[in-house]
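Colleague: I have a model open and would like to learn how to read it. Could you walk me through a few features?

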Amino acid sequence: MTSSSRRYHITTFGCQMNKADSERMAGILENMGFEWSEDPNDASVILYNTCTIRDNAEQKVYSYLGRQAKRKHKEPDLTLVVAGCVAQQEGKELLRRVPELDLVMGPQHANRLKDLLESVFDGNQLVATEEVHIFEDITQPRRDSKVTAWVNVIYGCNERCTYCVVPNVRGVEQSRTPEAIRAEIETLGKQGYKEITLLGQNIDAYGRDLPGSTPEGRHLHTLTDLLYFVHDVPGIERIRFATSHPRYFTERLIKACAELPKVCEHFHIPFQSGDNQLLKAMSRGYTTEKYRRIIDTIRKYMPDAAISADAIVGFPGETEEQFENTLKLVDDIGFDLLNTAAYSPRPGTPAAMWDNQLSEEVKSDRLQRLNHLVGIKAAERSQRYSGRIEEVLVEDQNSKDKTQVMGRTRGNRLTFFPGDIQELKGKIVKVKITEVRAFSLTGEVGEW
Ligand code: SAH
Ligand code: SF4
Ligand code: F3S
C-alpha cells in the first residue's frame, strides 16, 4: 500500500453513544497505522457510523454511501464500512443493497474493528451483527475534544418504548464495572480533560446487571453510587450524565447532585409526551404527575438547575387535545432546551404497526407549533443569566468569530466571550453575561 492509502475517514450520525463509539474506532484505526483524513475522497478506509432513530436519519447514510460506492468502481482498494445502528438493523440486507460494502458491523462490535478489518484486508466481505458481550477496550480513543470527554457507563437498553428501535439495535443493558469506569476517568484527568459526561441510553439503569445488593435489597452499584465513586478523580472538574429516564430517576440521585460540587446542575430527562394516555401507549412507565414531581424536587434542591428533554409529536392516535397537553407541560416547566421530533414509524417496533397513524401534515404542523413555544420558553429561561457571573469551561474558538472563545456554563448553556483560545482552552473562567439569546449567551471577562 502507498502512504496515501493509509488514511481513514469517519462520518458519524446520531447520538452521543455513536460519537463515543466513533472515537474508539478512530483510536483503533490510528493504532493500526491509519491517519485521519477530513475529506472522505482522500481516504482509503471510509466508515459511516449510522443512526436509525428516525427514517430521515437512516436515509442520509444511503446517499453518502451511494457516492463512495461509485468511487469504488474506479478505486477497488477502497474499503467501505457501515457501522452503528443502521448496520445492526439491516445486517446482510445492506450488502444486497450496496454490494460494494466490505464490512457491516453493529454497535456492539465497535471494539472489534481491528480484527474485522484485518479479515476484510484478507479478502473477506463481513457482517458482524450477532449479540455479543462487550469487552473492555484497551485502545485509547481518538477524542475530538481535549477538554470534554464521553465515558460510556452502560450499553444497550432493556426498555420497550413502543416507538423506539434502540433496544433492537443496541441490545440488552451491559454495565461497565465501577473500577473500569474510574480507571478511564483517571486517565482522562491525567491527560488534562476537565469535564466528563457519563453516557447511557437509560443511565438510571446503571448497575442493574452487575452482581451485588445491599442488605435492604438495593443494587450495590447505582448511578448515585457511581457518582460518589468517581467524584474525586484528580483533574476532572465537572461531571455530567445522560440520558435520564423518569421511570427510574430517584431523589437519592438528586441529593447526590446537589451535594457533589463537580456534578453540574443540568438534567436531561426526556418526557416524550405531556399526556398520560399517550405515555401509556408509548409504554413509558410514568405519568406526567410523576414527571412534574421529579422536576419540582430537582428545583427544591437546586433552584437554578437547567432542565432539558426530548419530546415526540404525532405519535399514533395523538389527538389535538393530547398534543395540547404536551404544549401545556412545556409551558409550565420551562425547559432550557427541548429536542423535538415528529413521530417516525420504525421497522420492528410495535407502534409502527398500529393503524392509527397520523398524516405528515398533522405531524409537521404540531412540530412547528411545539418548536415555536420551545424557542419562547428557552429565551425566557436565558433571561435569568442576564448580568450574572457564570463559570464557563472554555472548549474552543467561536467558529464564527475568531476573536471569541466558546464554552459552557454549568447549566450547559453555550457561551461566547472575547478571549485568546491558546491561553483559555480548558480553563474555567468567570464570565459576566452581557447578552442573552434563546440557546446561547455572550459575556466578557473582568475582575469579578
Ligand atoms: N434513551 C432516551 C432516548 C433515546 S432516542 C430516552 O429514553 O429518552 C432519542 C430521542 O429520539 C428520544 O428521546 C425520542 O424523543 C426520539 N425518538 C425515538 N424514537 C423515535 C421515533 N420513532 N420517532 C420520533 N422520535 C423518536
Ligand atoms: Fe428507546 Fe425507551 Fe430505551 Fe430510551 S428508554 S432508548 S426511548 S426504548
Ligand atoms: Fe441513533 Fe443508534 Fe443513537 S439509532 S440515536 S445512533 S443509539
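Modeller: Let's begin with residue classes: Ala, Val, Leu, Ile, Met, Phe, Trp, Tyr, Cys and Pro count as nonpolar, Asp, Glu, Lys and Arg as charged, and the others, Gly among them, as polar. By that scheme, the lining of the second largest pocket holds 12 nonpolar, 10 polar and seven charged residues. The model is predicted, so local features need pLDDT of at least 70 and side-chain atom pairs pLDDT 80 or more, while totals for chains, interfaces and linings use all residues. Residues are numbered from 1 along each chain as its sequence is written, and side-chain values use heavy atoms, with hydrogens and water left out.

Colleague: What is the volume of the second largest pocket, and which residues lie nearest its centre?

Modeller: A pocket here is an open set of points on a 1 Å grid over the protein atoms alone, where a 1.4 Å probe fits, with protein on both sides within 12 Å along at least five of seven lines; lining residues have an atom within 4 Å of a point. Volume is the space filled by probe spheres set on the points, which are joined across faces, edges and corners. This pocket has about 540 Å³, and Glu136, Asp137, Arg176, Ala180 and Glu184 lie nearest its centre among 29 lining residues. Helix 7 gives the largest share of the lining, five residues; helices (H or I, at least four residues) and strands (E, at least two) are DSSP runs numbered from the N terminus.

Colleague: How many salt bridges does the whole structure have?

Modeller: You look for a side-chain nitrogen of Lys or Arg within 4 Å of a carboxyl oxygen of Asp or Glu. The search finds 39. One of them joins Arg142 to Glu30, with the closest N and O atoms 3.1 Å apart. Those two partners sit 112 residues apart, Arg142 in the loop between strand 6 and strand 7, Glu30 in helix 1.

Colleague: And sheets: in what order do the strands of the open one run?

Modeller: Strands of a sheet pair through backbone hydrogen bonds, either parallel or antiparallel. Pairing takes at least two DSSP bridges between two strands. The open sheet runs 12-13-14, with parallel pairing; strands 12 and 14 are its edges, each pairing on one side only. Strands 13 and 14 share six bridges, and Ala311 stands opposite Thr340.

Colleague: What about the closed barrel?

Modeller: Its five strands run 15-16-17-19-18, with mixed pairing. Strands 17 and 19 run parallel, joined by three bridges, with Leu414 opposite Ser440.

Conventions
Chains lettered and ligands numbered in written order.
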